[in-house]
Amino acid sequence: MATNGAATNSCSSSVSSNSGQTTTEQQPGQGMNSIVQVFPPIVELNVGGVFYTTALTTLQREPDSLLGQMFSGKTKTPVLRDSKGKFFVDRDGVLFRYILDFLRNQKLVLPENFSERERLKKEADFFQLQDMIDSLSLPKSLSPVDPAYSVRTSAGTITVSYRGTFAFGRDGLADVKFRKLSRILVCGRVTLCREVFGETLNESRDPDRGATDRYTARFFLKHTFLEQAFDMLVLAGYKCCGSCGNSTAGGIMVDKKPGMDNEEDRWNHYNEFVWVRE
């Protein structure tokens with residue numbers, strides 16, 4: 001009769017695990033402190049106050065990682081739960097999205113101008129994801145941007161230029177005011193331009209945008225922040241080797257009406273910067 005009772009308890013434990021509850025069982029030949037923790041196929045996580053939902057197989061994808069060990073079903077101590085029953089991990093909840101993406105895709109993909117590589121590296125080290133640590137340890141200029149492009153670290157030249165307008169103030173030439181930057185133009189090898197500027201690159205004016213191993217002078221950026229463009233070039237290993245600029249007077253020189261300033265319509269400037277990666 002005792003044996004039947006044990007079988008009944010085992011069956012009850014199995015039903016509990018299917019409902020998503022954590023169960024513990026003593027295994028034959030193991031001590032009383034050894035437990036088996038059973039997890040549902042869809043796991044709800046609370047990582048530092050940020051909620052995630054993912055598949056159990058995703059968390060188990062790297063068996064030697066900390067997450068793989070935590071959600072393998074066998075641990076010395078059970079994974080904690082919060083007040084709502086979500087599994088709790090006391091780490092940076094915002095950066096955990098990149099940990100989860102790495103487990104899902106098996107590669108590191110970071111947003112443009114990502115500025116928390118060192119913090120993310122510490123998170124990867126905590127979760128014992130060695131492949132992710134190796135990717136984060138690469139120089140920024142060598143970090144993969146898109147596997148579709150084979151040219152990443154080759155030498156090359158990219159020219160960035162922009163047009164803008166300016167106007168004179170009340171003191172004439174002594175009071176020149178910058179008015180507007182209309183567009184940032186990009187010239188160079190297509191693969192290099194795509195590597196550096198990624199999704200910020202607008203190719204709509206390039207009729208041959210299907211090919212990759214070619215040069216173009218028709219690209220421009222989707223934004224007008226010159227500093228952002230320069231930062232992206234620096235992060236990709238480029239150095240500014242030269243620049244030039246000029247200004248012209250255009251439009252019809254007409255008398256201004258009282259209270260109106262049409263200097264902006266008559267004066268514009270063009271600047272060009274040459275960036276080189278050796």
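Which residues have the most contacts inside the largest nonpolar core?

1. This is a predicted model, in which local features need pLDDT of at least 70 and side-chain atom pairs count only at pLDDT 80 or more, while totals for chains, interfaces and linings use all residues. Residues are numbered from 1 along each chain as its sequence is written, and side-chain values use heavy atoms, with hydrogens and water left out.

2. The largest nonpolar core has 30 residues, and those with the most contacts inside it are Leu45, Leu67, Phe71, Phe96, Ile99 and Met132. Such a core is a set of buried Ala, Val, Leu, Ile, Met, Phe, Trp, Tyr and Cys residues joined through side-chain atoms within 4.5 Å, where buried means under 20% relative accessible area with a 1.4 Å probe, protein chains only. Its largest share, six residues, comes from α4.

3. Met132 touches Tyr98, Ile99, Phe102, Leu108, Leu120 and Ala124 (heavy atoms within 4.5 Å), leaving aside residues up to four places away in sequence.

4. Nine aromatic pairs are found in the whole structure, a pair being rings of Phe, Tyr and Trp (its six-membered ring) with centres within 6.5 Å, called stacked if the planes are under 30 degrees apart, edge-to-face if over 60 and tilted otherwise. The rings of Phe71 and Phe87 have centres 5.8 Å apart and planes at 85°, so this pair is edge-to-face. Both Phe71 and Phe87 are buried.

5. Separately, ring pairs link Tyr52, Phe96, Phe126 and Phe127 into a cluster.

Conventions:
Buried means under 20% relative accessible area, exposed over 50%, partly exposed in between (1.4 Å probe, protein chains only). Helices (H or I, at least four residues) and strands (E, at least two) are DSSP runs, numbered from the N terminus.
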